[in-house]
Amino acid sequence: MFSPRVVGRALAALLAVALAVASDEARAQSVQPPPPGPLRPYIFPAVEQFQLDNGLKVILVQKHTLPVVEGRLIIDAGAMREPAAKSGLAALTGRLLSEGTGTMTGADIARTMDALGAQYSTGAGFSTSFADVVALSNVFPQAMALAARTVIAPSLQAGEFGRVKNEALAAYQQSHARTAGLASDAFIRAAFDSTAPFSRPASGNLTTIGALTRDDVVNWHRTMFAPSAATFLLVGDITPAEARSVAQQAFGTWTTTRAALPAVTNPVRPSSGTRVILVDRPGSVQSSIVVGQAGFRATDPDYISMVALNHVFGGGFSSRMNLNLREKHGYTYGAFSFLDLRSGGGAFRASSEVRTNATDSALVETVGEYRRIASEAVPASELQSMVNNLVSGFPNSVQSVQGLSASLQSLIIWGLPLDFYTTYRERLSAVTPDDVKRVAAGKLTPNNVIVVVAGDLSKIEAPIRARNLGTVEVWDSNGNKVR
């Protein structure tokens, strides 16, 4: 046993150490970090283009740091092109591509790709359908040729159709068992006109998925998949001569034709005043909050300034939303914002998952931050810090062939020039507080936004109504107004 005197001295020593550490931390927090230095040189890789005789556009970016190539076929056959009554058709068709060809089953294809060490996937989103291959450069031509066969001549067998359709139905039910899925769907329904493809989830819903037939899938593939409606993106350890050879070998015999289709538009639903839409998820221990508005495009002249505004507001861990809701109040593990940009339109939204008993308080803080970024000038030091975070991290975001490919695909979908990223960091660094103030005044309408909260209404509805944030509506999970 230690004597009381020894124990007392030990405790005193520990206390002294703790106080010294706390003092050091306090001094460290009071010291301003040094200003950011000049941008380190970075040259975005050159983008090369050519076209096959069948109309397939090929985009090549050479990156020879590692013997890896990614090939991504991007087809203008996304959910935005499907009829509203057949919502989910593009996603179902995209998923079925990898399930077999006339000579190989889906299992055969998977085993072959696995033997090559290749990553292979197919699918569809709002804007496009796709087939993607990542492989070592020495086996890439073989892997890409196999992937091409699944795109050009998939078997679309009845048995596989039934299985994949059931998986799509289950995935929809699973997503709508969570508050995040309910809130996201309600937001796009409220923000966009009912005629806008953006007003519907790309995956479809129980009614539309349930009504789809194998004939729908076959007809969609036959009428929408054509080389003239596709872009073949190649990124990695591959030369122009090799790229041309791979493209010709994989897709040169693809002869399907398709008439040109008009550009897709996503009209915004007109509104006056803030709408607060509540969606019930009985028994939920947390609520999902979405606050935002529609009407943004990457082709807007002020897009770069909007990127800077978003990063100040909620684009990063040190942005205002997360510092407020997570760090200051502890309502959530994370609160962020993003520009949801798609073909023909887009939206700006902030979102978070919060404790049920903090829902109304978190909502007040979110709306308050939205009004603040829309109406108050951003201090130059804050803007510089947040923009520096973006520009310094950009080279790392395109370091891998997958990151580089994803960035280029966004340009293709958004309709931006392929040399957009050549001066991206310089243009972002040049954004001023006045630029942010101008884009906020021109784009944001803080007193006319869509607010969606999905959660247990028996616990959150009354407190939210008491906050008087806007006109309150209650919707069911299918987007129908209940009261």
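## Helix α14

The model described here is predicted.

Helix α14 itself covers residues 401–414, which makes 14 residues. From its first C-alpha to its last it reaches 20 Å, close to the 20 Å expected at 1.5 Å a residue.

## Packing of α4 and α9

Two packed helices are described by the angle between their axes and the distance between the axes. For helix α4 (residues 140–152) and helix α9 (residues 240–251), the angle is about 35° and the axes lie 8 Å apart. The crossing of α4 past α9 is right-handed.

On the α4 side, the contact is made by Phe 140, Pro 141, Met 144, Ala 145, Ala 148 and Ile 152. Helix α9 contributes Val 246, Gln 249, Ala 250 and Phe 251. By class, this contact has 9 nonpolar residues, 1 polar residue and no charged residues.

## Gly 125

Gly 125 is found in the loop that runs between β4 (119–124) and β5 (129–136). Is Gly 125 buried, partly exposed or exposed? Its relative accessible area is 27%, so Gly 125 counts as partly exposed.

Leaving aside residues up to four places away in sequence, Gly 125 touches Gly 78, Ala 79 and Ala 202. Ser 400 is 275 residues from Gly 125 along the chain, and the C-alpha atoms of these two residues are separated by 23 Å.

Definitions and conventions
Residues numbered from 1 in each chain as written. Predicted model: local features only at pLDDT ≥ 70, side-chain atom pairs only at ≥ 80, totals over all residues. Heavy atoms only, no water. Axes fitted to C-alpha atoms, helices over the stretch in contact; angles between N-to-C directions. Helix = DSSP H or I, 4+ residues; strand = E, 2+ residues; numbered from the N terminus. Left-handed = near helix turned anticlockwise from the far one by under 90°. Contact = heavy atoms within 4.5 Å. Nonpolar A, V, L, I, M, F, W, Y, C, P; charged D, E, K, R; others polar. Buried < 20%, exposed > 50% of the residue type's maximum accessible area, 1.4 Å probe, protein only. Expected span 1.5 Å × (residues − 1).
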